[in-house]
Amino acid sequence: MTQNTPLSPLPPLFPRPAHPLQDASHRVLSAAQLRARGVSAAQTSAQCLPGGPWQPLLPGVYLLHAGPPSGQERLHGALLYAGRPPASSRRTLPEPTDDGFGEAMVTGLAALALHGFASAPDLEALHRVDVLVPRTRRLRSTRYVEVVRAAALPQPVRLAGVPVAPVERALADAVAGAGDAADVRRLLTEAVRAGHCEPGAVVRELSAAKVLGRPAVVGAVDALLAEGRAAAEGRLYAMVREHGLPEPLWNVELRLPGGPELGGVDAYWPDLAVAVELDTRAPRFGAPEPERRGGNRGAGRTEDPQWSAYAAKRERLERLGITVVHLTPRKLREATEQQATVVRTALMAAGDQEPAAYVMVLPR
């Protein structure tokens with residue numbers, strides 16, 4: 001009597017790394033990647049039998065070990081699932097030679113965790129992974145993967161070996177899926193306080209995602225803008241002191257003696273008639289898409305009441321002989337030394353100009 005010899009398991013394709021978050025690409029592969037490595041569909045199915053060494057993680061994605069997947073493995077599997085080519089084109093496309101992620105990228109809370117947000121849950125604790133794909137993809141959310149579609153994908157950044165949506169977009173997608181106002185406030189506040197991004201960029205993304213009117217978001221946006229203003233002022237103070245600029249009068253109102261108010265400025269050197277103004281305007285929620293997404297940046301500015309007020313105030317001050325240096329929070333954060341040089345140049349050039357009109361300086 002002969003006995004059937006059980007199918008011997010395939011040897012491991014890769015040794016399993018010692019660290020649980022180390023190179024999940026060695027432990028999670030798509031069906032196409034397995035085929036490219038010489039593993040047939042029948043062999044894959046055999047390895048995934050009950051008690052076998054492998055297991056299906058998502059449709060067309062396999063975990064090459066027994067036991068629960070790590071957070072990094074779940075992340076890697078979500079990208080392989082979302083990044084696979086459409087079914088209609090799989091027969092004509094060559095076998096994958098890259099990471100298999102296609103255009104897919106991590107977004108939402110998982111992306112914020114990878115960006116280092118303390119207020120985002122750890123990857124191991126996340127019950128859902130949001131993955132951003134083109135709007136044209138016919139792909140369903142499944143198991144722990146939530147598919148998020150976009151008409152135009154942002155440029156991803158590479159973190160922990162995977163493509164990740166920029167902070168602003170990841171925040172918008174996380175907020176869209178959140179219902180607790182305290183959670184939303186913590187995420188938005190940390191984004192600015194920790195220097196991940198500027199408030200204007202976040203608000204534009206929230207507007208594009210159509211979540212600004214939600215009760216959980218309204219108050220959080222006000223706190224976000226206030227936090228952004230405070231952070232920008234802090235950077236301005238630091239720039240003046242760290243780069244040896246003369247100490248100005250901070251946060252003052254200017255007005256003509258017996259005349260109208262000229263408006264407030266963030267820093268003013270009265271002996272030199274030089275003012276610095278931070279542009280911390282709240283973004284226009286109804287800005288046209290080309291302006292939000294990097295099209296003609298000048299288009300529509302004349303229709304912005306805040307921009308018109310800024311320009312009018314600057315023009316009034318300059319007619320009186322006051323030099324106005326216009327700084328943005330982004331430039332202060334990303335090019336502090338360059339902005340210090342701009343201010344220093346304005347202070348040095350002030351001595352060669354005609355004396356400015358006398359103005360009164362009042363605390364703001």
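Q: What does the secondary structure of the protein come to?
A: The predicted model has twelve helices and 13 strands.

Q: And how many of the residues count as buried?
A: Of the 364 residues, 43% count as buried.

Q: What about the accessible surface?
A: That comes to about 19100 Å² for the protein, and 54% of it belongs to carbon and sulfur atoms.

Q: Contacts next. Of those between residues at least 6 apart in sequence, what share joins residues at least 24 apart?
A: The share is 62%.

Q: OK, sheets. What's the strand order in the five-stranded one?
A: The order is β12-β11-β10-β9-β13, in an open sheet with mixed pairing.

Q: Which strands stand at the edges there?
A: β12 (323-327) and β13 (360-363). Each has a single partner strand, so one side of each is left without a neighbour in the sheet.

Q: How much are neighbouring strands of this sheet turned against each other?
A: By 45° on average, with direction ignored.

Q: Which helix packs on the sheet?
A: Helix α8, residues 215-242. α8 touches β9 (249-255), β10, β11 and β12, and its direction makes about 105° with that of β9.

Q: How do β10 and β11 run, and how many bridges join them?
A: They run antiparallel, with three bridges joining β10 (residues 261-269) to β11 (residues 274-278).

Q: Remind me, what do strands of a sheet pair through?
A: Backbone hydrogen bonds, in either a parallel or an antiparallel arrangement.

Q: Now the sheet of three strands. What's the order?
A: β1-β3-β2, an open sheet with antiparallel pairing. The edge places go to β1 (28-30) and β2 (55-58), each with a single partner strand, so each has one side left without a neighbour in the sheet.

Q: Over how many bridges do β2 and β3 pair?
A: Three, in the antiparallel sense, with β3 covering residues 61-63. Pro56 stands opposite Tyr62 in β3.

Q: Which helix lies across β1, β2 and β3?
A: Helix α3, residues 71-83, and it runs at about 10° to β1.

Q: Switching to charges. What does the count of salt bridges come to?
A: The count is 17.

Q: What meets Glu73 in a salt bridge?
A: The side chain of Arg27, at 2.3 Å from N to O. The pair links distant parts of the chain, 46 residues apart: Arg27 is in the segment before β1 and Glu73 is in helix α3.

Q: Are those two buried or exposed?
A: Arg27 counts as buried at 3% relative accessibility, and Glu73 counts as buried at 1%.

Q: What does Arg193 form a salt bridge with?
A: With Glu227, where the closest N and O atoms are 2.9 Å apart. Arg193 lies in helix α6 and Glu227 in helix α8, so the pair ties together parts that are 34 residues apart in sequence.

Q: Buried or exposed, for Arg193 and for Glu227?
A: Arg193 is exposed, with a relative accessible area of 58%. Glu227 is buried, with 18%.

Q: And where do Arg364 and Asp266 sit?
A: Arg364 is in the segment after β13 and Asp266 is in strand β10, 98 residues apart. Their side chains meet in a salt bridge at 3.2 Å, N to O. Arg364 is partly exposed, with a relative accessible area of 45%, while Asp266 counts as buried at 3% relative accessibility.

Q: Which residues do salt bridges that share partners join into one network?
A: Glu198, Arg235, Arg330, Arg333 and Glu334.

Q: Last one, Glu190. Where is its place?
A: Glu190 is in helix α6, residues 181-193.

Q: What's the nearest side chain of opposite charge to Glu190, and how far away?
A: Arg186, at 7.8 Å. Glu190 is buried yet has no salt bridge.

Q: So what does Glu190 touch?
A: Leaving out residues up to four places away in sequence, Glu190 touches Gly116, Phe117, Ala118, Ser119, Gly195 and His196.

Key: Residues are numbered from 1 along each chain as its sequence is written. This is a predicted model: local features need pLDDT of at least 70, side-chain atom pairs count only at pLDDT 80 or more; totals for chains, interfaces and linings use all residues. Side-chain values use heavy atoms; hydrogens and water are left out. Helices (H or I, at least four residues) and strands (E, at least two) are DSSP runs, numbered from the N terminus. Buried means under 20% relative accessible area, exposed over 50%, partly exposed in between (1.4 Å probe, protein chains only). Lys and Arg count as positive and Asp and Glu as negative; His and the chain ends are not counted. A salt bridge is a side-chain nitrogen of Lys or Arg within 4 Å of a carboxyl oxygen of Asp or Glu. Contact means heavy atoms within 4.5 Å. Two strands pair if DSSP finds at least two bridges between them. Axes are lines fitted to C-alpha atoms, for helices over the stretch in contact, and angles run from 0 to 180 degrees between N-to-C directions. Accessible areas come from the Shrake-Rupley method with a 1.4 Å probe; for residues, only the protein chains shown count as cover.
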